[in-house]
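Here is a briefing on a protein structure for a reader who wants the packing and the strand pairing. The points are grouped by topic.

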Number of protein chains: 4
Amino acid sequence: MKIGMIGLGKMGLNLVQNLIHHQHQVVAYDLNTELVAQAAECGAEAAASTELLVAKLDKPRIVWMMVPAGKIVDSVIESLTPLLESGDILIDGGNSHYKDSIARAARLAEQGIHYFDAGTSGGMEGAHNGGCFMIGGNRDVFSGIEPLFKDMAVENGYLYAGESGSGHFLKMVHNGIEYGMMQSIAEGFEVLEKSAFDFNYEDVARVWSNGSVIRSWLMELTQNAFSKDPKLEGIKGVMKSSGEGKWTVETALEVQASAPVIAMSLFMRYRSLDQDTFHGKVVAALRNEFGGHAVEKSE
Amino acid sequence: MKIGMIGLGKMGLNLVQNLIHHQHQVVAYDLNTELVAQAAECGAEAAASTELLVAKLDKPRIVWMMVPAGKIVDSVIESLTPLLESGDILIDGGNSHYKDSIARAARLAEQGIHYFDAGTSGGMEGAHNGGCFMIGGNRDVFSGIEPLFKDMAVENGYLYAGESGSGHFLKMVHNGIEYGMMQSIAEGFEVLEKSAFDFNYEDVARVWSNGSVIRSWLMELTQNAFSKDPKLEGIKGVMKSSGEGKWTVETALEVQASAPVIAMSLFMRYRSLDQDTFHGKVVAALRNEFGGHAVEKSE
Amino acid sequence: MKIGMIGLGKMGLNLVQNLIHHQHQVVAYDLNTELVAQAAECGAEAAASTELLVAKLDKPRIVWMMVPAGKIVDSVIESLTPLLESGDILIDGGNSHYKDSIARAARLAEQGIHYFDAGTSGGMEGAHNGGCFMIGGNRDVFSGIEPLFKDMAVENGYLYAGESGSGHFLKMVHNGIEYGMMQSIAEGFEVLEKSAFDFNYEDVARVWSNGSVIRSWLMELTQNAFSKDPKLEGIKGVMKSSGEGKWTVETALEVQASAPVIAMSLFMRYRSLDQDTFHGKVVAALRNEFGGHAVEKSE
Amino acid sequence: MKIGMIGLGKMGLNLVQNLIHHQHQVVAYDLNTELVAQAAECGAEAAASTELLVAKLDKPRIVWMMVPAGKIVDSVIESLTPLLESGDILIDGGNSHYKDSIARAARLAEQGIHYFDAGTSGGMEGAHNGGCFMIGGNRDVFSGIEPLFKDMAVENGYLYAGESGSGHFLKMVHNGIEYGMMQSIAEGFEVLEKSAFDFNYEDVARVWSNGSVIRSWLMELTQNAFSKDPKLEGIKGVMKSSGEGKWTVETALEVQASAPVIAMSLFMRYRSLDQDTFHGKVVAALRNEFGGHAVEKSE
């Protein structure tokens with residue numbers, strides 16, 4: 001099949017290679033012309049603008065957006081809508097909020113454009129060699145683009161999840177689980193590190209990756225990380241986040257679901273962004289007030 | 001090699017089969033004679049008592065205990081110590097507390113008996129087909145029994161972890177991570193269940209098991225569970241626990257390690273054991289006191 | 001001074017009595033005519049409609065709304081705006097979201113109406129005998145209505161907090177702290193209840209209310225509650241919530257503040273609303289899958 | 001009455017003054033002779049050793065220990081036991097673990113010495129002007145020393161809690177609640193600090209101390225702290241702890257009580273002791289592994 005790819009960052013470029021590897025034709029565009037050149041080297045047809053990208057596609061056109069969530073998605077959609085026609089298909093493969101996807105699908109449906117929200121997991125490696133896709137949108141139209149997902153995914157690695165928004169909803173919750181799993185693994189290693197034992201963490205991660213109840217891709221990645229830096233001495237423990245974990249917690253609040261572990265994983269990430277905390281100052285000050293306990297002075 | 005197995009429960013019997021499958025000779029004993037008969041059917045040599053089990057082994061003898069943690073381990077050790085000799089090897093493959101294992105190893109060392117703590121993971125399936133083993137004890141003596149672990153484990157699925165106690169310490173922390181991972185997955189599905197979407201959970205667990213960042217054995221087991229009962233309607237959400245998660249939290253407290261996620265996973269398990277809670281009654285009563293908010297009456 | 005009170009529920013009626021006790025004149029209105037009659041008995045001037053209420057006030061008019069947060073506030077404002085004039089003052093004493101208050105203040109400012117968000121704490125008793133007020137809005141205009149707050153509050157019990165929204169923001173965070181304090185107290189009593197000791201909880205709450213570090217109004221209310229029902233046997237531990245705790249957590253997420261304790265207090269409330277949980281079912285099913293642990297069957 | 005006081009630190013010296021103020025006679029001893037001199041200046045009779053202290057008391061003797069928990073209590077008891085006689089009374093006013101107190105009471109009972117565990121709350125100010133006492137031990141003997149507690153406590157500020165250990169158990173749980181309350185207050189101020197508003201925290205703590213639902217001694221102390229340092233800029237947010245919070249969590253684990261908020265309060269304290277965390281390094285490394293997210297380098 002032929003597909004246009006807008007956004008050739010870490011994920012987009014790998015997807016392009018994945019598609020070409022499976023004999024699909026890809027027209028590639030990015031604001032960054034260097035990335036377009038890289039895509040062309042991989043066998044994609046370069047496009048110098050969204051107009052040219054759309055022009056190079058057959059009807060009904062299939063366009064995949066792989067751009068950062070938020071306003072950038074809206075501006076790409078805005079630039080595309082005058083160029084697309086009824087029956088064309090637009091796929092958001094990024095990490096958009098599912099409510100945005102629902103709204104966008106409804107807006108584009110008015111023009112007859114079929115919008116799909118395709119949550120994409122598996123990291124860069126998955127994008128390249130076979131990833132995981134959770135797709136929301138019109139079921140009948142989906143069957144037409146299903147071969148693309150079948151090729152890009154590992155076996156059993158794609159799911160038509162339901163109506164618009166369901167794909168990004170699943171991806172959001174997936175990331176919430178990911179936060180919890182990562183924090184679980186990380187706390188385990190913190191206990192090891194503070195224990196009196198002297199473990200080789202790469203060995204530990206390896207044995208836990210093979211045959212154990214907690215074997216998982218994340219544990220294999222943990223092994224990789226320790227193989228490069230046995231005590232992670234070169235890495236600061238600053239845990240950034242890109243939104244989906246926060247959305248999962250917000251959704252849990254909205255539907256009154258108990259999600260203490262996902263929430264705590266997120267709060268520990270926020271905590272890691274602060275060198276010192278105001279709540280810590282308040283508690284230290286209070287201990288001094290009632291018990292005369294010494295406080296450490298700020299420099 | 002030839003090995004005695006004491007304890008033929010869910011894990012022990014599967015280990016027996018695993019060992020026999022790898023051409024080892026197993027002498028099997030359990031208080032439950034039916035289980036001994038089952039082991040014999042699998043090709044093990046039946047023993048009617050620990051005395052007879054020890055008598056059937058070659059020196060230096062190798063005995064594997066696969067019995068519940070706590071006093072039972074101590075009573076098995078007590079019955080074995082008069083029978084074993086200097087140079088013999090005793091392995092605790094169960095979920096003993098690592099401090100107990102350190103103490104037992106020290107006590108048995110006085111008699112020249114080599115004690116190993118071998119944390120075993122992988123569930124019944126792992127015990128049968130290839131599991132994961134974390135072993136603490138004397139390194140030199142370990143090399144003599146290493147072939148057993150090599151055969152019982154999947155590839156890269158065993159680790160000589162260090163001195164006595166290190167094997168059970170790793171297993172303890174492994175289970176702490178397991179608690180966190182399970183609770184993470186479970187919270188994700190709770191958010192799905194309370195959402196407005198109508199997901200097929202078996203499908204979701206399947207797609208998350210293939211190519212995603214959170215692919216893991218636990219996610220595959222989640223898929224299995226949903227394949228049998230699509231909404232888990234037949235199962236009550238009572239989450240029991242057998243101690244290792246608690247020990248992990250206690251250890252975190254002891255070494256002052258941040259382990260909020262493992263701790264919350266445990267507290268949600270305890271919470272699930274109560275139909276109603278006293279803390280809930282206090283909060284409900286307080287809301288009524290200051291704000292006149294209605295309380296629900298107990299029947 | 002003369003003030004109109006719209007909303008004569010648990011809080012509103014007590015405020016009316018408080019104001020009248022301090023020699024203010026109150027015109028009172030509620031959809032529920034019985035409540036209007038009660039206010040009249042307390043010395044308020046009854047109004048049969050918002051129109052009549054406004055008509056009975058002197059310019060610049062002062063109107064206090066004490067109605068449930070959300071759409072009801074908007075509909076009261078909608079009914080009032082045609083009746084009010086530039087220079088009039090409208091106070092929202094309820095638990096509105098601070099962002100709503102900022103928006104409402106801006107909208108009403110276009111008509112010259114001064115809008116104040118007045119977070120009110122202290123429960124019904126405080127409303128009646130002297131409460132706590134956190135007020136956001138125009139500082140200069142505030143000085144004109146300050147005497148009302150001075151009279152309604154206990155000493156030092158009101159604060160001009162700053163621009164519009166700051167009053168309700170403080171009240172929101174106040175309630176977040178309240179959730180955490182209540183859960184802390186409640187967990188303490190849960191530990192007592194599950195201990196081997198046999199405490200008299202009223203006595204415990206009394207001693208903790210007098211001279212201890214944790215002495216607080218909430219502890220006194222705990223004493224009250226136990227004095228009526230020594231083991232709270234008549235109360236179900238269902239912990240409802242009315243929104244401010246949730247908003248506090250959402251705000252913490254928004255500003256990336258570590259608020260694990262307030263968040264956990266909220267999640268335990270949500271947990272208490274469910275008889276059984278889906279996350280519990282998933283964990284129970286997983287334990288059965290890998291370890292053969294028995295599950296409890298749902299009826 | 002006449003009483004011996006061993007330990008004249010922050011709490012002990014204030015208790016001495018409190019007792020003398022209420023016309024009791026105090027014999028005071030501490031290893032630090034300067035503190036003994038200070039006690040003498042306050043009107044106590046100085047003792048140069050425990051022997052001399054005991055010698056100056058009337059039978060049945062009453063001795064109050066106000067020393068750090070743990071081995072120091074044991075060594076003081078060891079030095080006292082040969083000096084005391086059947087019928088004498090020994091009170092541990094410190095923060096000992098309740099299980100230690102139960103064991104000590106049992107041991108001393110063999111000699112006929114009555115041991116009381118007296119949890120003391122209220123900080124230095126309470127010790128001086130009237131504090132809060134929770135006392136475990138023999139009920140009949142207690143009535144003989146009750147006047148001391150009546151005088152040292154604020155009104156309703158002491159409680160005979162029950163058998164040995166119950167006093168320190170209550171104090172332990174009291175401190176667990178204290179941790180939760182402090183963290184709740186602290187998180188609230190963290191949300192204020194990170195908000196777009198510009199609050200005066202002393203003012204906020206003052207208004208919350210007067211008439212609000214969360215009014216409490218801790219909030220008054222918060223006001224004091226902010227009055228000295230409006231943004232707590234001079235204080236580092238390092239939150240130390242002295243054991244009782246940890247014991248509360250351990251007890252919650254033991255009795256399977258849900259105590260997420262007290263536990264999280266403790267974990268945030270531990271977190272504050274680390275400049276960087278190993279769990280943070282692991283999560284940061286994992287994000288880099290699967291998503292190519294940049295890590296911050298350690299210096």
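Helices here are DSSP runs of H or I with at least four residues, strands are DSSP runs of E with at least two, and both are numbered from the N terminus. By that numbering, D:P60 sits in the loop that joins helix 3 (50–55) to strand 4 (62–65) of chain D. The model is a predicted one. The points below cover backbone features, sheets, helix packing, one loop serine and the cavities.

**Backbone features**

- The peptide bond leading from D:K59 into D:P60 is cis, and its omega is near -10°.
- In chain A, the bond from A:K59 to A:P60 is cis, with omega near -10°.
- A:P60 belongs to the loop between helix 3 (50–55) and strand 4 (62–65) of chain A.
- B:Q256 has a phi near 55°, which is positive although the residue is not glycine.
- The loop that holds B:Q256 runs between helix 11 (244–255) and helix 12 of chain B.

**The sheet of chain B**

- Chain B has an open sheet of eight strands, ordered 3-2-1-4-5-6-7-8, with mixed pairing.
- Strand 3 (45–46) and strand 8 (153–162) of chain B are the edge strands; each has a single partner strand, so one side of each has no neighbour in the sheet.
- Inside this sheet, strand 6 (residues 114–121) and strand 7 (residues 131–136) of chain B are antiparallel and paired over five bridges.
- B:A118 has B:I135, in strand 7 of chain B, as its bridge partner.

- Eight strands of chain C make an open sheet in the order 3-2-1-4-5-6-7-8, and the pairing is mixed.
- Its edges are strand 3 (45–46) and strand 8 (153–162) of chain C, each pairing on one side only.
- Strand 6 (residues 114–121) and strand 7 (residues 131–136) of chain C form an antiparallel pair with five bridges.
- C:S121 is bridged to C:C132 in strand 7 of chain C.

**Helix packing within chain B**

- Helix 8 (residues 166–194) and helix 12 (residues 260–273) of chain B pack at about 70°, and their axes are 8 Å apart.
- With 65 to 115 degrees counting as roughly perpendicular, helix 8 of chain B is therefore roughly perpendicular to helix 12 of chain B.
- Helix 8 of chain B brings B:G176, B:I177, B:Y179, B:G180, B:M182 and B:Q183 to the contact. Helix 12 of chain B brings B:V261, B:I262, B:S265, B:L266, B:M268 and B:R269.
- These contact residues of helix 8 and helix 12 of chain B are seven nonpolar, four polar and one charged.

- Helix 11 (residues 244–255) of chain A packs against helix 11 (residues 244–255) of chain C at an angle of about 175°, with the axes 11 Å apart.
- Angles over 145 degrees count as roughly antiparallel, so that is how helix 11 of chain A and helix 11 of chain C are classed.
- From chain A, the residues in contact are A:K246, A:V249, A:E250, A:L253 and A:E254. From chain C they are C:K246, C:V249, C:E250, C:L253 and C:E254.
- The contact of helix 11 of chain A with helix 11 of chain C holds four nonpolar, no polar and six charged residues.

**A loop serine in chain D**

- D:S164 lies in the loop between strand 8 (153–162) and helix 8 (166–194) of chain D.
- Leaving out residues up to four places away in sequence, D:S164 touches C:F197, D:I102, D:A105, D:Y115, D:D117, D:G136 and D:G137.
- Along the chain, D:S164 and D:A118 are 46 residues apart, while their C-alpha atoms are separated by 9.6 Å.

**Cavities**

- Over the whole structure, four cavities of 30 Å³ or more are found.
- The largest cavity holds about 60 Å³ of space.
- Chain B lines the largest cavity with B:A284, B:R287, B:N288, B:H293, B:A294, B:V295 and B:E296, and chain C with C:V238 and C:K240.
- This lining of the largest cavity comprises four nonpolar, two polar and three charged residues.

Technical notes:
Residues numbered from 1 in each chain as written. Chains lettered and ligands numbered in written order. Predicted model: local features only at pLDDT ≥ 70, side-chain atom pairs only at ≥ 80, totals over all residues. Heavy atoms only, no water. 1 Å grid on protein atoms, 1.4 Å probe; cavity = no way out; pocket = protein on both sides within 12 Å on 5 of 7 lines; lining within 4 Å. Points joined across faces, edges and corners; volume = space filled by probe spheres on them. Nonpolar A, V, L, I, M, F, W, Y, C, P; charged D, E, K, R; others polar. Axes fitted to C-alpha atoms, helices over the stretch in contact; angles between N-to-C directions. Parallel < 35°, antiparallel > 145°, perpendicular 65-115°, else oblique. Contact = heavy atoms within 4.5 Å. Pairing = 2+ DSSP bridges.
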